[in-house]
Amino acid sequence: MSPMLFVLLSVTGLFAALLAFKAVTKLRFCVICASVSLTWIGLLIAYRAGVFRDLTVVALLMGQSVVGIYYLAEKRLPERFRVFRLPFLLTATAIAAALLGRLSGAAVVLPALAALWASFGFVYAYRQDTRVKTLADRVVACCKDW
């Protein structure tokens, strides 16, 4: 069976099972997110065990989870924290790359992420200052009205 067909069937099967589980337990969670996450976690374990070989498919699923977590955080966090969207998204991407064993240049990537967080932290801390407010407003509005 092709890796992609296996993924499609796995996500679909987990979706059906988790949808039923959610109805019985009344737990609140995103069934699609859980299905995708459980699939890539299982495939990552299978990859590390030498059973599954297509790391690209795992990376695609992980990317979907990164975006899902991004949207969940955006939905649940107060608007004032939306200034941190870019550092959050890039940090989650770096974490996914690290989980895949593909975070090359970590000695450069980690300080770059720290500098990015610090820069956006500065914008957040001084967002009420008239000189910084315009920039902060543009950062928060980056995904609106497009």
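Q: Is Asp137 buried, exposed or partly exposed?
A: Start with the cut-offs: buried means under 20% relative accessible area, exposed over 50%, and partly exposed in between (1.4 Å probe, protein chains only). Asp137 has a relative accessible area of 39%, so Asp137 is partly exposed. Keep in mind that this is a predicted model, where local features need pLDDT of at least 70, side-chain atom pairs count only at pLDDT 80 or more, and totals for chains, interfaces and linings use all residues. Residues are numbered from 1 along each chain as its sequence is written, and side-chain values use heavy atoms, with hydrogens and water left out.

Q: With which residue does Asp137 form a salt bridge?
A: A salt bridge is a side-chain nitrogen of Lys or Arg within 4 Å of a carboxyl oxygen of Asp or Glu. Asp137 pairs with Lys133, and their closest N and O atoms are 3.2 Å apart. Both sit in helix α6 (residues 130–140); they are 4 residues apart, so about one helical turn separates them. Helices here are DSSP runs (H or I, at least four residues), numbered from the N terminus. Lys133 is partly exposed, at 36% relative accessibility.

Q: How many salt bridges does the rule give?
A: The count comes to 3. One of them joins Arg131 and Asp129, at 3.1 Å from N to O. Arg131 is exposed at 71%, whereas Asp129 is partly exposed at 25%.

Q: Which parts of the chain does the pair of Arg85 and Glu74 link?
A: Arg85 and Glu74 form a salt bridge, with the closest N and O atoms 2.9 Å apart. The pair links distant parts of the chain: Arg85 lies in helix α4 and Glu74 in helix α3, 11 residues apart. Arg85 is buried, at 9% relative accessible area.

Q: How do α3 and α4 pack?
A: Two packed helices are described by the angle between their axes and the distance between the axes. Axes are lines fitted to C-alpha atoms, for helices over the stretch in contact, and angles run from 0 to 180 degrees between N-to-C directions. Helix α3 (residues 55–76) packs on α4 at about 150°, with the axes 10 Å apart. That makes the two roughly antiparallel (angles over 145 degrees).

Q: Which residues meet between α3 and α4?
A: Contact means heavy atoms within 4.5 Å. On the α3 side, Met62, Val66 and Ile69 are among them; on the α4 side, the residues include Phe88, Leu89 and Ala92.

Q: Where is Ala94, and what does Ala94 touch?
A: Ala94 is in helix α4 (residues 85–99). Not counting residues up to four places away in sequence, Ala94 touches Leu103, Val109 and Leu113. Ala94 is buried, at 11% relative accessibility.

Terms used:
Angles under 35 degrees count as roughly parallel, over 145 as roughly antiparallel, 65 to 115 as roughly perpendicular and the rest as oblique.
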